[in-house]
Amino acid sequence: MRIRTAGVVAVLGLALAASGCGGGDSDKPAAKESAKAAGGKLVIWADDKRTAALKPFAEEFGKENGVTVEVQAVSKDLQTNFVTASQQGSGPDVVVGAHDWIGNMVQNGAIDPVQLAAEQKSAFNETAIKAVTFNGQLYGVPYATENVALIRNTELAPEAPKTIEDLVAAGKKLKAEKKASEILCLQSGQNGDAYHIYPLYTSGGGYLFGTAANGDYDPKDLGVGKPESIAAFQKIAKLGEKGDGALKRSITGENSIATFTGKKCAFLVSGPWAIADAKKANIKYDISPVPGFAGGKEAQPFVGVQAFYVAAKGKNKALAQEFVTNYVTKPELAVALYQAEPRPPALTAAFDQVKGEDADLAKFSEAGKNGQVLPAIPAMAAIWDPFGKAEAAIIGGADPAKTITAAGKTIAGQIK
Amino acid sequence: MSTSLSGPGSAEQAPGREPVRRGLPRTPRTARNHAPITATGLVVKVVLLGLVAGIAIWAAFPLVEAEHWVGLGILAATTAGLFYLYLSRRHIPAKYLVPGTIFLIACQVFPVLYTASTAFTNFGDGHRGTKDDAIVAIQTSSVRQVPGSTEYSLSIATTGDPATGPLVFLLSDPKTREVFAGDAGGLRKLDAGDVTVSATGKITEAAGYTVLNFGQASGRSKDITDLVVPTAGGAVRSNGLSRAYEGKAVRAYDAGCDCVKDSETGKTWTADPANGSFVAADGERLAQGWKVNVGLKNFTRVLTDPDISGPFFGTLLWNFAFAIGSTGFTFLLGMAIALALHSPRMRGTNVYRVLLILPYAMPSFAMLLVWRDMFNTDFGLVNDLFGLHIDWFGGTWSARIAVLLVQLWLGYPYMFLVATGALQAIPRELTEATSVDGASPWQSFRAVTLPLLLVALSPLLIASFAYNFNNVNAILFTTEGGPFAPDNPRNGATDLLITYTYRLAFGAQGAEYGLATTVSIFIFAIVAIVAAISFSRTRKQEEVYS
């Protein structure tokens, strides 16, 4: 009995093991066969929205070329996941993401430069090409740009303000007439928001990094803590809670668009992503550049770029290069991605094509024309948090000089 | 009992539980270790062992592929051990202990050791891989197109079999219409008569070569990327499958001097094995570094860097206050409600219980975000409701009170649940006896109910304390550690050690996992000491009351 049981167990166990084995085996030849028939597999990682837009095009690329293309959605922490996975050798061949990831992806050896022919490069918006250029190399193929602008409720504020002072005066008047409860919806929150305050900071004369000889940002020339940045924040402080009350810490990333669509403020500083909500709320709006301080410099928003990257440790690099350099550069794809999420396409041809149907696009693009490319150097990661907190403290009434000097010190300490 | 797996299991459990009715007659059989083998038991055994074998085989493939022979050895030994253990009739205690031990090692011991080992490295952004990885990354990212060089149209071809034969680049210059063949030996001009060039400039056919289609070519992606055709100015490299360019790696690694040289500027960066990066004479560091052992550097940095150790004790103090406050207040409120509902005079207790458990049923992260918005100065419900104008998250103490209030709301249902359970386990005779002796309800609560409750709940309170000590979400989703002093953006009034660490390790220029694990080892030590002290005190208490 005992021996028989053991025997039965062993035989059945082996059979199951063999089936496990068989499963593994049958998988491999199948993959090999399809590889022979279909060539190879291209894996693309993107966020949820773009995955949906990319899928039909990726499939078409696959069909045209006899390869399998898989678009996988990574909805959270795409960059971190990509860097970690590519280190382990389980990453994709192509990744889609913001251009300010480049610095970190390059220092981790996760992406390779791409080579575009001169005529391919010239088909793109110049700022977009500049954004994906890092250390003199082109690291990605851009497809969309984005920047903030001033969106105003034209029923409350028919005229686009020329300066921040005009805007504050108009906002105060609306507040006095009880037509609005806030002067301006510019998100800050308790910990600030460097991205949204940046136009005012530049208009006040501040800068983040100087420019190195090769045109890149120079992490050694830090503008935060310099006299220009203090002067800029002294102007911003006047708009803060102890001044005009145009900037408030209670306006956060979560409520700023909702407050605007709720008609509680006439002016909103935000990007193309706010337009869908404004349309849904039936707000009559117009878009203009973020105004600067009277007599100050031009207000320059950050310009961000979304791009396709070739993974350095991808399994099918040749195919990935082919896809990124020869397929992503086609206007059709850029238009499809625009339809998935309305951000101005980086390809001039695609931009011209959608411009006709969407007047907002040209206005956003106009507002970002003189913008500054969001720095992609790794040192930028050290800016966000201290800069934002300094901004929030100053809006709350803290002394600008002391606060910004401390922030500059913290940032400088974190830049290696 | 027909489902008993391998007899001894069910038989061994039985004696301790019900010694009188069922245990006694069974005991002799248990002692002989000969329980009947049932069909169900056999099937379960076969399926489980088959699963073990299946998992082992599934795990073996990647190990073989990566040539992890040590890992493969461990896998084989573990699997063989498991089979021996469950196919033999001996080693009964091991049959019970081994699965738990394996899970303990895989899910607890290994991660702890791995974390601890990371603390001795500089692992982080820019220092993730090996030195070779870094060198490859530096060289590849320095490949530039040779100025003024030709952009070729590329076709991949071979002289042999499309899947295995040696690869050749068939190149055509779209301007001059000249055609070339290139391989590792160099570039050869082809006779224009031997090739067919399509309208787009691509070579579609060539005498003596098989031109690969896209599908075939992409199947050999690695060979294509690796093929470099040397030229006078650099090398022709593929760019995708249809274009090629003449490029040159400006930076190259020289093993002789263990340095990276830039052929354009002549600058050199020498390897610094202590820090895992290439550093130039002027101190410039190449971004791509590698992972090295740094010994106790992270530990000394935590202890000596004034940026880290300066706010450490203030943060630690608030961290204790937060953990004790979160646990204590929720316990007090939960217990008070449980006591109220435990009273026999209370009606409709079930309705109340359901209502009270509701906050516990909602996902805490969503609730945290809702609470954050409720504390907004201008638009928040709290200020609106009470007609206040408090900048809750703007002031040190108001922010601390706010996070504790949120914790109280989120945590009391749990304490209420466990306190209810523990109360029901306390015999009513005990409290009745005290009232017979003339004790007031408060005295009877103090002398009987509370101590017995604490005996039952102490481990849960300690667990809750440990959890709240590291409760990242409670802070990151509400105040994010704020408010921050204007001159100190590094450390806020509601920062816990863990959120503070998070900012230190991930907020600066890229993630520093090495530093993060070091601080978490310190936190682990603190929590472990607190837990050890509390458990030893609980044991004393148990001895007194049991």
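View 1. Leu150(A) stands across from Val269(A), a residue of strand 11 of chain A, in a model that is predicted. The pairing of strand 8 (residues 149–153) of chain A with strand 11 of chain A is antiparallel and runs over four bridges. Both strands belong to an open sheet of three strands in chain A, which has the order 11-8-12 and antiparallel pairing. Strand 11 (267–270) and strand 12 (285–288) of chain A stand at the edges with a single partner strand each, so one side of each lacks a neighbour in the sheet. Ignoring direction, neighbouring strands of this sheet are turned against each other by 25° on average. Helix 15 (residues 359–367) of chain A packs on the sheet, where it touches strand 8 and strand 12 of chain A, and the direction of this helix makes about 30° with that of strand 12 of chain A.

**View 2. Packing of helix 9 and helix 17 in chain A.** Helix 9 (residues 227–239) of chain A packs with helix 17 (residues 400–414) of chain A at an angle of about 130°, and their axes are 9 Å apart. Because of that angle, helix 9 of chain A is oblique to helix 17 of chain A, and the crossing of the two helices is right-handed. On the side of helix 9 of chain A, the residues that meet the partner helix are Ser229(A), Ile230(A), Phe233(A), Gln234(A) and Ala237(A), while helix 17 of chain A brings Pro400(A), Ala401(A) and Ile404(A). The residues of this contact divide into six nonpolar and two polar, with no charged residue.

**View 3. Packing of helix 12 and helix 15 in chain B.** In chain B, helix 12 (residues 349–361) and helix 15 (residues 396–425) pack with their axes 8 Å apart and at an angle of about 125°. Helix 12 of chain B is therefore oblique to helix 15 of chain B, and the crossing of these two helices is left-handed. Helix 12 of chain B makes the contact through Leu356(B), Ile357(B), Pro359(B) and Tyr360(B), and helix 15 of chain B through Trp409(B), Leu410(B), Pro413(B), Tyr414(B), Phe416(B) and Leu417(B). In this contact of helix 12 of chain B with helix 15 of chain B, 10 residues are nonpolar, none is polar and none is charged.

Conventions. Residues are numbered from 1 along each chain as its sequence is written. Chains are lettered from A and ligands numbered from 1 in the order in which they are written. This is a predicted model: local features need pLDDT of at least 70, side-chain atom pairs count only at pLDDT 80 or more; totals for chains, interfaces and linings use all residues. Axes are lines fitted to C-alpha atoms, for helices over the stretch in contact, and angles run from 0 to 180 degrees between N-to-C directions. Angles under 35 degrees count as roughly parallel, over 145 as roughly antiparallel, 65 to 115 as roughly perpendicular and the rest as oblique. A crossing is left-handed if the near helix is turned anticlockwise from the far one by less than a right angle, and right-handed if clockwise. Two residues are in contact if their C-beta atoms, placed from the backbone, lie within 7 Å. Ala, Val, Leu, Ile, Met, Phe, Trp, Tyr, Cys and Pro count as nonpolar, Asp, Glu, Lys and Arg as charged, and the others, Gly among them, as polar. Two strands pair if DSSP finds at least two bridges between them.
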